[in-house]
Amino acid sequence: MMNLLYNFPDTLPMAKKNHTELFVILLGACCFFCLLLAYNDVQYSHTAIYKNTLQSMLQFNIKQKCEKKKYVAFLKVHKAGSSTVSNILQRFSTRYGLNLVLPNKDRDSQPTMFHVIGRNYDRLIPLPDDEDFNILCNHVVYNRRQLKRWFKNGAFYTAIVRDPKERFLSSAFYFGLLHKITNGTKISRKGVFTNYLRKRIMNSSSSDDLNMAHDFGIKNKYYNNEQYINRYIQLLDIEFDLVMILEYFDESLILLKRKLCWDIRDIVYLVVNSNRKKDEHALSEEDLKILRDIQKPDEMLYSFFTDRFWKQVYNEGPDFFQEVQYFKSVQKRVREFCETGYIKSEFLKIEASRWNNKFHLLVRDCTWMKTSELNLNDIVMKRQWDKYNAFVQNRKANLINVV
């Protein structure tokens, strides 16, 4: 016992040491467990925050769906598919009750030019005092200062261009250049333009006044001044939101749809005012070389805006081309319905997709799409005159009541 009591003080430090180590181990385990719980809580919290944020972003995008733009200034370039685009814009304006910029001309006195504004910027069908112009889609020579007077609150500026050599052929048939060259006689199709181009005889009705450069506002005296044309194109680059390309028409319309926040229904179309006879007349290499010299301003415009167009397309992302393919499939169904499908059904049903809302295409929609350019101009011009005349009558009636 004495030995035990004697030895006890010697064993106490060892026991104290063991208890201390055990306490440290237990404390460390508790701390680790607490840290583990805290990490899991933080990780769960971050996951929850991420999910909530993503959900909020999706809800925000849905709520913030853009509104359709209804102020559009379209430069209707001759023989570049512009009649089809004009048809789209005229139907859009009718569907939403919008006002068009229309020339105030008499068809009886000007049967071929009554629908052209040209440089007659002040000769327009008037509007009621409290209303503004929404859409321009008739022929006009581009002048930004004048167009700003029509669109005081701003507008989306767009145009369309075409490969100059293809446009030359189309113009040659449409404006009677081929008939003038051949004097109305039948000659070999091969090389029919060669002698004409060698002499560089530019007929004013089909070339000088109605080329793309003219429509964009470039004056004839600058046609051989490349430096001036380059500066002018840089200005157009700033002023136009989108310049479409006829050779990529469906891609152009999808890009237009996206920038205007429109729907697929707003851009469906049938080709208007197309001339397929031109395909029978090929241009020789000599013809093409001369044309490139003669149409230098048009070549420069087409090259610049084609490059810019594809840059805008690539900025849209990979789903752009998926939407184009979807649009082509819708267009195929639209053509089939408008050709013969309406016989079996009163409407064509297009289901909703990631790119459009559900809509029904009616037989009357086909009729509008098939209506010729001049006849459609008659319809929209009459509608706008009726609207203005009703406003004038109401104003007179109100004045009489006041008196």
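Colleague: Leaving out residues up to four places away in sequence, which residues does Leu376 touch?
Modeller: Bear in mind that this is a predicted model. Leu376 sits in helix H16, which covers residues 373–402. Not counting residues up to four places away in sequence, its contacts are Asn87, Gln90, Trp368 and Thr371.

Colleague: Is Leu376 buried or exposed, and why?
Modeller: The cut-off for buried is under 20% relative accessible area. Leu376 has a relative accessibility of 1%, so it counts as buried.

Colleague: How far apart are the C-alpha atoms of Leu376 and Arg91?
Modeller: Along the chain, these two are 285 residues apart. Arg91 is one of the buried residues of H2, the helix spanning residues 82–95.

Colleague: How many of the 14 residues of H2 are buried?
Modeller: The buried ones include Asn87 and Gln90, and both of those touch Leu376. H2 is mostly covered, and the number of buried residues is twelve.

Colleague: What distance does H2 reach from its first C-alpha to its last?
Modeller: H2 has 14 residues, and at 1.5 Å a residue the expected span is 20 Å. The model comes close to that, with a reach of 20 Å.

Technical notes
Residues are numbered from 1 along each chain as its sequence is written. This is a predicted model: local features need pLDDT of at least 70, side-chain atom pairs count only at pLDDT 80 or more; totals for chains, interfaces and linings use all residues. Side-chain values use heavy atoms; hydrogens and water are left out. Helices (H or I, at least four residues) and strands (E, at least two) are DSSP runs, numbered from the N terminus. Buried means under 20% relative accessible area, exposed over 50%, partly exposed in between (1.4 Å probe, protein chains only). Contact means heavy atoms within 4.5 Å. The expected span of a helix is 1.5 Å times one less than its number of residues.
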